[in-house]
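Welcome to this short tour. Open your viewer, keep the sequence panel at hand, and follow the stops below.

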Amino acid sequence: MSKGEGKRSSKKCLAYVAAFVVFQTAIILVFALTVMKVRSPKVRFNAMAVESFSSNNNNSTSINMRLLAQVTIKNTNFGHFKYQNSTLSVLYNGVQVGEVVVPEDVPALEKQRSSISRWMSARRGCREMT
């Protein structure tokens with residue numbers, strides 16, 4: 001074997017290694033952009049119930065009730081997500097009627113349930129809420 005053949009085979013080997021590295025990088029990039037794509041958490045109301053209810057039908061109609069609700073936060077990502085100072089607000093006609101603190105850390109591919117319990121008072125056909 002001459003000296004020139006050794007250089008040729010090492011260049012050929014280096015070209016194969018470089019092609020393999022480029023191929024693997026392309027595969028990892030395609031996988032990261034399609035399968036491992038970051039998705040937003042899904043927030044859903046599971047159940048809602050009215051625990052106590054009273055109404056007054058004098059000159060101005062008023063309603064008082066206690067609203068109970070269960071909220072599920074589902075993380076569909078392969079990694080956990082973490083954030084700070086987050087709250088979920090329940091609105092009725094643009095007025096906040098309930099609020100729950102969202103857990104700071106939701107593990108990968110898991111669900112977390114939270115409960116909302118709130119007294120609501122409405123006057124004149126549910127237009128004014130306190």
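Is Arg66 buried, exposed or partly exposed? Select Arg66: with a relative accessibility of 21%, Arg66 is partly exposed. Here buried means under 20% relative accessible area, exposed over 50%, and partly exposed in between, using a 1.4 Å probe and protein chains only.

Before moving on, note that this is a predicted model, where local features need pLDDT of at least 70 and side-chain atom pairs count only at pLDDT 80 or more, while totals for chains, interfaces and linings use all residues. Residues are numbered from 1 along each chain as its sequence is written, and side-chain values use heavy atoms, leaving out hydrogens and water.

Glu51 and Arg66 form a salt bridge, with 3.4 Å between the closest N and O atoms. It joins distant parts of the chain, 15 residues apart: Glu51 lies in strand β1 (residues 42-57) and Arg66 in strand β2. The count is one salt bridge, defined as a side-chain nitrogen of Lys or Arg within 4 Å of a carboxyl oxygen of Asp or Glu. Glu51 is exposed, at 53% relative accessible area. Strands are DSSP runs (E, at least two residues) and helices likewise (H or I, at least four), numbered from the N terminus.

Now go to Asn77, in the loop between β2 (61-74) and β3 (81-82). Asn77 is buried, at 9% relative accessibility. Leaving aside residues up to four places away in sequence, Asn77 touches Lys37, Val38, Arg39, Ala108 and Leu109, a contact being heavy atoms within 4.5 Å.
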